[in-house]
Amino acid sequence: MTTTTTGTRPAQAVGTAHTRVEGPDKVTGAARYAGEIPFTELAHGWLVLSTITRGRIRSVEDAAVLEMPGVLAVLHHGNAPRVDTGYTGMMGMSPDPTIAVFQHDRVPHAGWPVALVVAETSEQAREAAEALVVHYEEEPHNVTFSGEHPDAYPAPGVGGPGVTEKGDLAAELAASAVVLDAEYTTPEEHHNPMEPHAATAHWDGGRLEVVDSNQGTLWVANELANLFSLDPASVRVRSEHVGGGFGNKGVRAHQVAAVMAATVLARPVRVVMTRRQMFSLAGYRSPTTQRVRLGADAEGRLRALEHDCLSLTSTVHEFVEAGAGPARVMYDAPAHRTANRLVRLDVPSPTFMRAPGEAPGSFALESAFDELAEKCGIDPIELRLRNEPAAGPVSGLPFSTRNLPACFREGARRFGWADRDPRPGVRRDGRWLLGTGTAAASFFVGAMPSTAAATAEADGTFTVRINASDIGTGARTALTLIAADALQVPTDRVRVRIGDSDFGPAMIAGGSMGTRSWAWAVTAAADELRERVALSDGIPPEGITVRSDTTDAVGALAQKERHSFGAQFAEVAVDVATGEVRVRRMLGIFAAGRIINPLTARGQLTGGMIWGISMALHEEAIRDEGTGALYGADLAGYHVATNADVPLIEADWVDDPDPDDPVGIKGIGEVGIVGVAAAIANAVWHATGVRHRSLPIRPDRVLTAGPHA
Ligand code: MOS
């Protein structure tokens, strides 16, 4: 099927604010989440995690626990069904062996799943799980992440190659009028979606059915089919409502354990992670140590740029937090070097977390630009405008659109940047020092092949089926607006059904590529359906259904640098007596493609910005070197921004339709968090004259960082 429309197609619903189509169901409780959908004969599994960080399981003393009330089974490495991990997973990635639970006696990190206790009620399962005695043979571990690791190695990832290099870095640095060389660090950070991971598995007429909370049902279904050597068509995964997922709701230990138990017991089994277990089993953002070297001429034009990012991964799986990624897109220089390096430690496997790479990488790079601006005596926005590249610094490819300057101009106007006194530490409000800061944001966008089906029903309504996932983004609503416009009918005549692997292949909710990829398939199916309906003599009782597959169209996309961009602005107040930093206001102006639903889009962007406040000031998971486990693995010990931390915050956008997308979409899921921590750190410098290169900017760090103006 070909798509004949362009980013300028006429719109009625698209671009107008629309409340979530499933909103009434959510606020009345009619919408059921994976952990609360009723099943007859439901049994409950409770995961038991290792209490040691490295070693072997000597024995699992299950006999005593099997005598406890309601207990049905204890699965562990000695008795669990075998699974196959020798396959290639989603997008060619090898699966994280962490999902292959109970296959061997080795413990590679703290909180490794060692058993599943299954009982009639979740209370009985929990009590038995907590009573289960596991004997270990403990071995020494190393969980210490620092800037110095002799065995660190450059590692490629979804962010591209491990190292990119051009030009003579030493020569250009030596010839530069101004040089900045600084190290930045970010801590281990956790996603913490409000809804914990939850799955119920059961066999139904020879078919494995899983009700789950995930970012892509077919992703989970295919991994389960591979692991259990099943025909992919015999696995169905549904995920209708998802209470948040920021990269960590893929295939995880809970689904695999639930399938094992459902198979062994021949009844439905539900496994829900606790908040505390999520800190070990659900992935997280690696800490980073980043070195940025910038060399510029007297006018601030870059001669040299180096960004080196060290992150960690587990001993069982390679995942790269590609912090050097933004430097490959944002700024060019005759000498340009980026490196993403990894060290393997006895820690849980990190994973994708909102704006993987860009979130921590932009903190270092955009802080460094602020430092360079100060050294050059150039306004930080002007410095960025002078270094706008004509093409991708590493790829050499043209940008599909790059409206970053427009974001800075509009943001500066609305934020009142022209009145800013560049000198640090000279504004006071009582005991507070005041400052403002800015930073650039970018995030890769693209489209992935997807399929959709659109049906004209005999009653005059339309049903669209697409295996999309709405993890709170508003995707279901956005697709409703897109389908309505393509069908040229009001939105209340369109229902969009999502979150079912039986609907066929479609992009996951990830990489800021979900809505664009799905919208393409929905548009293609709806366009053709509209034409078919116009030519038909009425709708037959079974309706008229058109299917689309965008594989060819997406594959024909020209190679370009495709990114959403943004300019972040923050005003902070710093109490030099207590070290407290308050963000007073924030503004983000984005160039992020055509905006489908301004209401939910604004929520996506401000949600990212609020997380950026959290990242700048609060979030930090502390790993105890002695035990190898986290301190305070809960929402009391792990601080996130809450209402009182969130000031007046505004997100808006400039016109920026993607010329190569049928609807003009780019992607907005992740760009909102990018650059925020740098904008805040830059504002803290402007307030105090003290540069903070380590996140979070805690009160003790503010107090001990040095003299204030
Ligand atoms: Mo996102 S980190 O691609 O869910």
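How is Arg 303 classed, given its relative accessibility of 28%? In this predicted model, the views below take up that residue and several other charged side chains, beginning with the chain as a whole.

**Figure 1. Overview of the protein chain in the predicted model.** The protein chain carries 17 helices and 25 strands, and its C-alpha atoms fill a box of roughly 75 × 75 × 50 Å along the principal axes. Buried residues account for 61% of the 709 residues, while 82% of the contacts with a separation of 6 or more are between residues 24 or more positions apart. The accessible surface comes to about 25700 Å², with 51% of it belonging to carbon and sulfur atoms.

**Figure 2. Close-up of the salt bridge between Arg 303 and Glu 172.** The closest N and O atoms of this pair are 2.8 Å apart. Because Arg 303 belongs to strand 15 (residues 302–313) and Glu 172 to helix 4 (residues 169–174), the pair ties together parts that are 131 residues apart in sequence. Arg 303, at 28% relative accessibility, counts as partly exposed, whereas Glu 172 is buried, with a relative accessible area of 18%.

**Figure 3. Close-up of the salt bridge between Arg 285 and Glu 321.** Here the closest N and O atoms are 3.3 Å apart. Arg 285 sits in the loop between helix 7 (275–281) and strand 14 (288–296), and Glu 321 in the loop between strand 15 and helix 8 (327–330), so the pair ties together parts that are 36 residues apart in sequence. Both Arg 285 and Glu 321 are buried.

**Figure 4. Close-up of the salt bridge between Asp 370 and Arg 691.** The closest N and O atoms are 3.0 Å apart in this pair, which links distant parts of the chain, with Asp 370 in helix 9 (residues 358–376) and Arg 691 in the loop between helix 16 (676–688) and helix 17 (699–704), 321 residues apart. Both Asp 370 and Arg 691 are buried.

Figure 5. A search of the whole structure finds 51 salt bridges, and the protein chain has 64 positive and 86 negative side chains, with the centres of the two sets lying 4 Å apart.

Technical notes: Residues are numbered from 1 along each chain as its sequence is written. This is a predicted model: local features need pLDDT of at least 70, side-chain atom pairs count only at pLDDT 80 or more; totals for chains, interfaces and linings use all residues. Side-chain values use heavy atoms; hydrogens and water are left out. A salt bridge is a side-chain nitrogen of Lys or Arg within 4 Å of a carboxyl oxygen of Asp or Glu. Helices (H or I, at least four residues) and strands (E, at least two) are DSSP runs, numbered from the N terminus. Buried means under 20% relative accessible area, exposed over 50%, partly exposed in between (1.4 Å probe, protein chains only). Contact means heavy atoms within 4.5 Å. Accessible areas come from the Shrake-Rupley method with a 1.4 Å probe; for residues, only the protein chains shown count as cover. Lys and Arg count as positive and Asp and Glu as negative; His and the chain ends are not counted. The place of a charge is taken as NZ of Lys, CZ of Arg, CG of Asp or CD of Glu.
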